[in-house]
Amino acid sequence: MSQNVDLEQLVAAVGDAIVVSDRDGVITLWNPAAERMFGFTEAEAVGQSLDLITPERHRARHWRGYAKTAETGKTRYGHELLKVPAIGKDGRSLSIAFTVSLLFDADRRVTGVAAVIRDETARWSEERELRKRLAELEAAQSARQEAEPQVSPA
């Protein structure tokens, strides 16, 4: 059974952000979920560099990886989840997780990158808080054990 899918409607309806950029890292597609996640409207984002959502301290590394991927036509993040920091329009820090798909021309040269992005900020914060609490409990347990008198057999 074959069914035609309206891809424009699918991209607009999906709950995860979809961001497509050209070979130079200029945003060419920005769906409504990307608007909700990052705070930039489609009009504000399309035509801008991915620096729009990449924290300044991570840009050099980001662009090295982006250039290598565009040059080689290979990425391990098509199936592996990449987790990185991002920034929203209001300057707030985000923790995002995403996969990428490379877009090619007829000669198999990379023409762009499509990323499907999920906001992991709340989950990451919860995990950080749990790790902190676990460390506190372990420290308290160690302190109790050290404070107990050592009884040696008579």
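Visitor: How many aromatic pairs does the structure hold?
Guide: It holds two aromatic pairs. Tryptophan 30 and phenylalanine 38 pair at 5.5 Å centre to centre, with 40° between the planes. Tryptophan 63 and tyrosine 66 pair at 5.3 Å, with 70° between the planes.

Visitor: What kind of model is this, and which residues count?
Guide: It is a predicted model: local features need pLDDT of at least 70, side-chain atom pairs count only at pLDDT 80 or more, and totals for chains, interfaces and linings use all residues. Residues are numbered from 1 along each chain as its sequence is written, and side-chain values use heavy atoms, leaving out hydrogens and water.

Visitor: Why is the pair of tryptophan 30 and phenylalanine 38 called tilted?
Guide: Rings of Phe, Tyr and Trp (its six-membered ring) pair if their centres lie within 6.5 Å; planes under 30 degrees apart count as stacked, over 60 as edge-to-face and the rest as tilted.

Visitor: What makes the pair of tryptophan 63 and tyrosine 66 edge-to-face?
Guide: Its angle of 70° is over 60, so it counts as edge-to-face. Both residues lie in helix 4, three residues apart, about one turn of the helix. Helices (H or I, at least four residues) and strands (E, at least two) are DSSP runs, numbered from the N terminus.

Visitor: How do you know whether tyrosine 66 is buried or exposed?
Guide: Buried means under 20% relative accessible area, exposed over 50%, partly exposed in between (1.4 Å probe, protein chains only). Tyrosine 66 has 10%, so it is buried. Tryptophan 63 has 23%, so it is partly exposed.

Visitor: What links serine 21 to tyrosine 66?
Guide: A polar contact of 2.6 Å joins their side chains. A polar contact is a pair of N or O atoms within 3.5 Å; within protein, one must be able to donate a hydrogen and the other to accept it, and residues adjacent in sequence count only if both atoms are side-chain atoms. Serine 21 is found in strand 1, residues 17-22.

Visitor: Why does serine 21 count as buried?
Guide: Its relative accessible area is 3%, under the limit, so it is buried. Leaving aside neighbours within four places in sequence, serine 21 is in contact (heavy atoms within 4.5 Å) with residues including Val26, Leu50, Tyr66 and Val113.

Visitor: Which residues touch the most other members of the largest nonpolar core?
Guide: Of its 26 residues, Trp30, Phe38, Ile96 and Ile117 do. Strand 1, strand 2, helix 2, helix 4, strand 4 and strand 5 each supply at least two residues. Strand 4 gives the largest share, five residues.

Visitor: What makes a set of residues a nonpolar core?
Guide: They are buried Ala, Val, Leu, Ile, Met, Phe, Trp, Tyr and Cys residues, joined through side-chain atoms within 4.5 Å. Tryptophan 30 and phenylalanine 38 are both buried. Phenylalanine 38 touches, among others, Trp30, Ile53, Leu94, Ile96 and Ile117, not counting residues up to four places away in sequence.

Visitor: What makes the charged end of arginine 108 sit over the ring of phenylalanine 104?
Guide: A charge sits over a ring if NZ of Lys or CZ of Arg is within 6 Å of the ring centre and within 35 degrees of the ring normal. The charged end of arginine 108 is 3.8 Å from the centre.

Visitor: Where is arginine 108, and why is it called exposed?
Guide: Arginine 108 lies in the loop between strand 4 and strand 5. Its 59% is over 50%, so it counts as exposed. Phi of arginine 108 is near 65°, a positive value in a residue other than glycine. Most residues other than glycine have a negative phi.

Visitor: Why is aspartate 16 called buried?
Guide: At 19% relative accessibility it falls under 20%, so it counts as buried. Its side chain makes a polar contact of 2.9 Å with the side chain of arginine 118. Aspartate 16 is in the loop between helix 1 and strand 1.

Visitor: In what order do the elements of the protein chain run?
Guide: They run α-β-β-α-α-α-β-β-β-α from the N terminus on.

Visitor: How do you know how spread out the protein chain is?
Guide: The radius of gyration is taken over C-alpha atoms; the globule rule is 2.2 Å times the number of residues to the power 0.38. The rule gives 15 Å for 154 residues, and the chain has 22 Å, well over that, so it is more spread out than a compact globule. The C-alpha atoms fill a box of roughly 85 × 45 × 30 Å, taken along the principal axes.
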